[in-house]
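Subject: Structure handover

Hello,

Here is the structure for you to look at. My notes on the side-chain contacts follow below it.

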Amino acid sequence: MANIRYTRDHEYIAIDGEAGTVGITDHAQKALGDIVYVELPAVGAIVARAEQAAVVESVKAASDVFAPVSGEVIAINSALEKQPGAVNEDPLGNGWFYRLQLSNPSELEGLMDEAAYAAYLETLD
Amino acid sequence: MRFLPHTHEERLDMLGAVGAPTIDSLFAAIPVDKRLTQPLNLPRGKSEAEVARALGRMAAKNTAADTVPFFVGCGAYKHHIPASVDHLIQRSEFLTSYTPYQPEIAQGTLQVLFEFQTQTAMLTGMEVANASMYDGSTAAVEAVLMAHRISRRRKAVLSGGLHPHYAQAIQTMSQMAGDEVVSMPWDVHASEDISAQIDASVSCVVAQTPDVWGNPRDLTELANACHRHGALLIVVFTEAVSLGLLRAPGAIGADIVAGEGQSIGTALNFGGPYLGLFAARQTHVRQMPGRLAGETKDAAGRRGFVLTLSTREQHIRREKATSNICTNSGLCALAFSIHLSLLGEVGLRRLARVNHANAVKLADMLARVPNVDVLNRSFFNEFTLRVKGDAAAIVERMAARGVLGGVPVSRLLPNAGFDNLILVANTEVNTDDDRAALVAALEGAAS
Amino acid sequence: MNNQGRPTATDTAPPRAAKKTFTTNRALQLEEPLIFEHGRPDVTGVDLDEPETFASRLGGLEREETIGLPGLSEPEALRHYVRLSQKNYSIDAGIYPLGSCTMKHNPRINEAMARLPGFADIHPLQPQSTVQGALELIDTLAHWLMEMTGTHAVAMPPKAGAHGELCGLMAIRAAIDARGEASTRKIVLAPDSAHGTNPATAAMVGFSVRSIPAGADGVVAVESVRAALGPDVAAIMLTNPNTCGLFERDIVQIAEAVREAGGYFYCDGANFNALMGKARPGDLGVDAMHINLHKTFSTPHGGGGPGAGPVVLSERLAPFAPVPFVVRNNDAYALREQASGQSFGRMTAFHGQMGMFVRALSFMLSHGSDGLRQASEDAVLNANYIRAGLADILSSPFGDRPCMHEVLFDDKWLDGTGLTMLDIAKALIDEGFHPMTMYFPLVVHGAMLIEPTESESLASLNLFIATVRDVAFRIQRGETEAFHAAPIFAPRQRLDETRAARNPVLRWTARKPIRG
């Protein structure tokens with residue numbers, strides 16, 4: 001199982017080496033409802049931690065998706081353009097948003113691990 | 001009061017049910033010293049007959065277009081509207097319904113909007129159109145803002161053929177938003193070269209055809225120049241009937257089209273309400289302002305329509321919305337759609353040809369008037385006339401002779417060196433007698 | 001993240017078994033194809049003689065391609081649009097209690113007056129000597145608006161409420177620029193409960209929004225405003241009565257605090273229907289307020305517009321008003337069309353929504369000072385009557401206390417039922433009502449905002465109350481299953497908004513129509 005870290009805004013980053021795959025969590029997709037559109041960053045874009053990197057839209061809500069850590073976008077999930085429902089069906093798999101080359105891996109320490117995120121979700125209900 | 005159903009006794013019963021001793025106890029949250037204790041200093045209510053008389057007297061002081069030879073245009077045009085259009089838009093279910101937020105009981109409005117969007121897209125030669133904007137000028141403002149969002153640049157270049165009111169509205173918005181505007185000099189002869197102004201900092205060029213001076217413009221090269229530099233071409237029109245005869249903006253490379261739709265279905269109304277037409281390429285649909293109706297299915301699998309892509313709008317996106325717009329011009333869009341359905345392809349094209357033929361006839365008649373020149377080499381149903389002397393005074397003198405002969409350019413652009421120019425529009429409503437009256441009035445007024 | 005969304009896809013429950021007809025019509029419920037499916041390119045409903053042969057002077061720019069427009073004969077057109085109209089609910093058909101929308105009766109004298117040729121058939125640029133009556137009408141309407149609001153000037157051009165907001169904020173922006181504080185005052189304060197247009201408008205003129213919280217009692221306390229004020233604040237935007245249907249109790253102190261801090265007070269006038277003849281925004285300290293003529297003054301909504309949004313201005317904002325405006329010299333009226341002095345300029349072509357001005361003035365003249373006050377009193381009485389009739393069975397977010405012209409409930413009463421406010425709305429459709437506003441304001445969970453207006457009779461209010469009570473009782477009894485499929489008697493069942501948004505079909509195309 002990949003090493004996955006979470007933000008309080010319900011983004012995740014699945015880390016492998018110096019890169020990571022970013023998306024929104026299962027909790028987030030449930031709260032948003034049917035996802036109808038995802039606006040992704042451009043490949044090559046430099047994003048900073050906690051800055052808006054993507055937008056996810058359901059029928060009645062649009063939410064900013066923040067970068068969990070800083071880095072350069074090295075790939076995006078273009079399939080979401082045609083199949084935004086993948087975010088609902090498989091948020092941690094086919095529903096990924098973009099891949100990030102980390103510029104400051106130490107920022108990962110500020111994120112939650114699986115257990116901490118689960119505990120955090122408990123506090124929201 | 002005839003609009004208020006309650007009797008005095010009913011009001012007392014209702015106060016009892018509410019548990020309020022007096023009606024004023026329900027207004028107790030208003031600070032005591034700010035409550036009005038006296039009636040407003042305004043007249044008491046009037047019967048329907050009294051209202052009709054009071055407003056009828058005001059109306060009677062105005063010269064209605066239908067009562068005189070009438071050649072005023074410049075962004076609003078006198079056309080005949082079939083009686084059935086006004087009858088249909090006064091149906092209660094169209095007139096007194098709200099924005100279709102409950103689609104199950106608003107399919108009438110939603111299907112009309114879907115049909116309207118399709119007609120607008122066809123007419124402009126574009127891929128998608130929205131459910132309308134306030135009017136042509138505000139549509140043009142929104143088009144510039146949309147171009148800035150798409151290009152991520154903040155500089156608009158305005159053609160010297162753009163209606164001055166449209167240019168001013170864009171300038172006001174841009175100044176407030178901190179965006180840059182470059183205005184080309186006023187260009188009566190359609191001879192400007194905008195291409196030289198376009199570089200990688202330009203977001204969009206806004207050009208009108210037929211332009212405010214009446215010249216149909218070939219914008220193909222301008223479109224190419226825009227696209228070479230990653231800028232967008234916004235094509236504006238103020239006379240929708242011209243699209244029945246002239247090449248569609250989409251066919252000449254427009255990226256966004258913003259136009260005034262008043263000509264089809266909406267009366268002159270002294271300037272409003274009118275109808276903003278707004279169309280764009282499919283790739284930019286998520287940056288479009290305004291409402292959109294879209295096709296879908298209901299739970300029983302039947303075709304139906306809903307407002308869609310509303311995440312672009314203010315009630316969802318708030319400060320990140322594409323625009324702050326809530327209302328469109330729904331009833332005017334309905335009138336446009338009905339009128340255009342009645343015209344159809346064959347009717348619109350014929351209407352446009354009649355407009356053009358009448359204008360050609362008039363231009364030839366005026367060219368023979370001493371001290372009067374038609375400046376346009378080409379035009380649709382409106383052209384610029386150069387007279388000897390002060391155009392505004394001449395227009396006033398013609399009005400005194402019972403002819404509304406056009407718009408003096410100085411009304412739009414005072415102190416700009418255009419004091420001897422008149423814009424003259426000629427539509428299908430003008431007869432040979434009207435044209436003869438204009439020629440006679442002009443000969444009398446200009447001498 | 002906004003998780004206040006409501007269900008948007010249709011339930012997968014099987015549609016109700018029903019006898020199919022050959023035509024798919026159901027008596028008066030008539031299906032109607034798109035004009036593109038029954039119009040023909042060579043049919044027209046407008047007779048016009050082809051012009052005599054002439055040499056065209058279009059400069060070689062003739063259209064080459066066909067447009068593709070369908071045409072209908074006049075009887076076909078009548079039938080098409082009448083059938084479509086029959087699929088719409090309307091205020092003429094029944095109560096339309098959309099909170100914050102003020103769906104009141106639209107008097108037909110207004111329509112008749114707006115269609116007088118002296119108003120409808122005059123051009124905005126014909127000589128001013130030929131439109132003196134039109135200018136008189138605008139001047140008269142402006143006088144009524146200023147008197148009713150206790151203000152010094154009114155900008156007539158804005159085309160709708162949101163356009164009025166833009167006008168007001170542009171005037172504020174111009175006033176701040178004139179003070180040389182353009183670079184420092186960039187913040188607009190607005191409560192979370194504000195209409196979405198408020199932050200959207202502020203952003204358009206380069207301001208950013210600082211949120212201020214409302215108290216547990218649903219109104220903004222002056223202390224919260226003071227805490228957010230500073231030398232960076234340009235203005236506050238408040239709706240009063242607010243979007244929870246409550247009068248902002250501290251409004252006078254808030255206005256004073258904002259003024260002392262060097263800011264301006266923009267009031268969203270969407271809810272002015274509660275205050276006519278009862279209180280004047282100018283007296284409360286408001287600097288600018290748009291008035292939705294299509295709400296308070298009964299101009300018809302027309303399925304989404306056109307509206308009109310004149311903006312009244314205080315003395316200190318009046319010099320910055322846009323052009324054009326009407327000036328009166330003795331008995332002659334003139335239009336000032338060119339910006340001069342401190343005017344912020346022009347925001348639209350021509351002079352505003354004249355057609356709406358005529359209707360609004362017709363409404364005002366009909367009511368008079370006495371009738372306008374009575375209308376506001378009845379609007380407030382009706383809202384409170386609904387509150388009293390439903391408070392025991394629904395849930396009130398700020399406690400059961402008097403409201404202004406609209407009453408707010410939340411969805412606590414639905415806890416554990418498996419139903420949402422949307423289900424309630426759809427059930428009301430089957431009962432023959434237009435539902436109330438739902439899920440607004442956003443600060444209240446599952447909000448249900450009911451605005452009956454002064455137009456509803458006691459019998460109409462009683463039937464609405466009894467119906468909502470019956471719905472609530474059915475839910476209390478656990479009869480919730482049927483709600484998920486509602487509405488079943490409307491021209492359409494629930495529509496799939498997810499499908500519409502994921503794969504937008506925004507126009508008809510000849511190739512692949514979806515068959516119903």
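Which residues do ring pairs link into a cluster? They are Tyr6(A), Tyr117(A) and Tyr120(A).

Before the rest, some ground rules. This is a predicted model, in which local features need pLDDT of at least 70 and side-chain atom pairs count only at pLDDT 80 or more, while totals for chains, interfaces and linings use all residues. Residues are numbered from 1 along each chain as its sequence is written, chains are lettered from A and ligands numbered from 1 in the order in which they are written, and side-chain values use heavy atoms, with hydrogens and water left out.

Aromatic pairs

Rings of Phe, Tyr and Trp (its six-membered ring) pair if their centres lie within 6.5 Å; planes under 30 degrees apart count as stacked, over 60 as edge-to-face and the rest as tilted. Over all chains there are 13 aromatic pairs. One of them joins Phe116(B) and Phe336(B), edge-to-face, at 5.5 Å centre to centre with 75° between the planes. This pair links distant parts of the chain: Phe116(B) is in helix α5 (residues 107-124) of chain B and Phe336(B) is in helix α10 of chain B, 220 residues apart. Helices here are DSSP runs (H or I, at least four residues), numbered from the N terminus. Both Phe116(B) and Phe336(B) are buried, where buried means under 20% relative accessible area, exposed over 50%, and partly exposed in between (1.4 Å probe, protein chains only).

Phe379(B) and Phe383(B) also pair: their ring centres are 5.1 Å apart and their planes are at 65°, so the pair is edge-to-face. Phe379(B) is buried, at 0% relative accessible area, and Phe383(B) is buried, also at 0%.

Salt bridges

Side chains of opposite charge can pair when their charged atoms come close. A salt bridge is counted when a side-chain nitrogen of Lys or Arg is within 4 Å of a carboxyl oxygen of Asp or Glu. The count over all chains is 56 salt bridges.

Within chain B, Asp66(B) and Lys78(B) form a salt bridge at 3.4 Å, N to O. Both residues lie in the loop between α2 (48-60) and α3 (83-89) of chain B, 12 residues apart.

Other salt bridges join two chains. Arg115(C) meets Asp86(B) at 2.7 Å, N to O. Arg115(C) lies in the loop between α3 (108-114) and α4 (117-120) of chain C and Asp86(B) lies in helix α3 of chain B, so this pair joins two chains. Arg115(C) is partly exposed at 23%, and Asp86(B) is partly exposed at 29%.

Glu50(C) and Arg353(B) form another salt bridge, with the closest N and O atoms 2.5 Å apart. Glu50(C) is in the loop between α1 (35-38) and α2 (74-85) of chain C, and Arg353(B) is in helix α10 (residues 330-367) of chain B, so this pair also joins two chains. Glu50(C) is partly exposed at 41% relative accessibility, and Arg353(B) is partly exposed at 27%. Separately, Asp24(B), Lys278(C), Arg373(C) and Glu377(C) are joined into one network by salt bridges that share partners.

Charges over rings

A charge sits over a ring if NZ of Lys or CZ of Arg is within 6 Å of the ring centre and within 35 degrees of the ring normal. Lys278(C) lies over the face of Phe27(B), 4.6 Å from the ring centre. The charged end of Arg286(B) sits over the ring of Tyr37(A), 3.6 Å from its centre.

Regards
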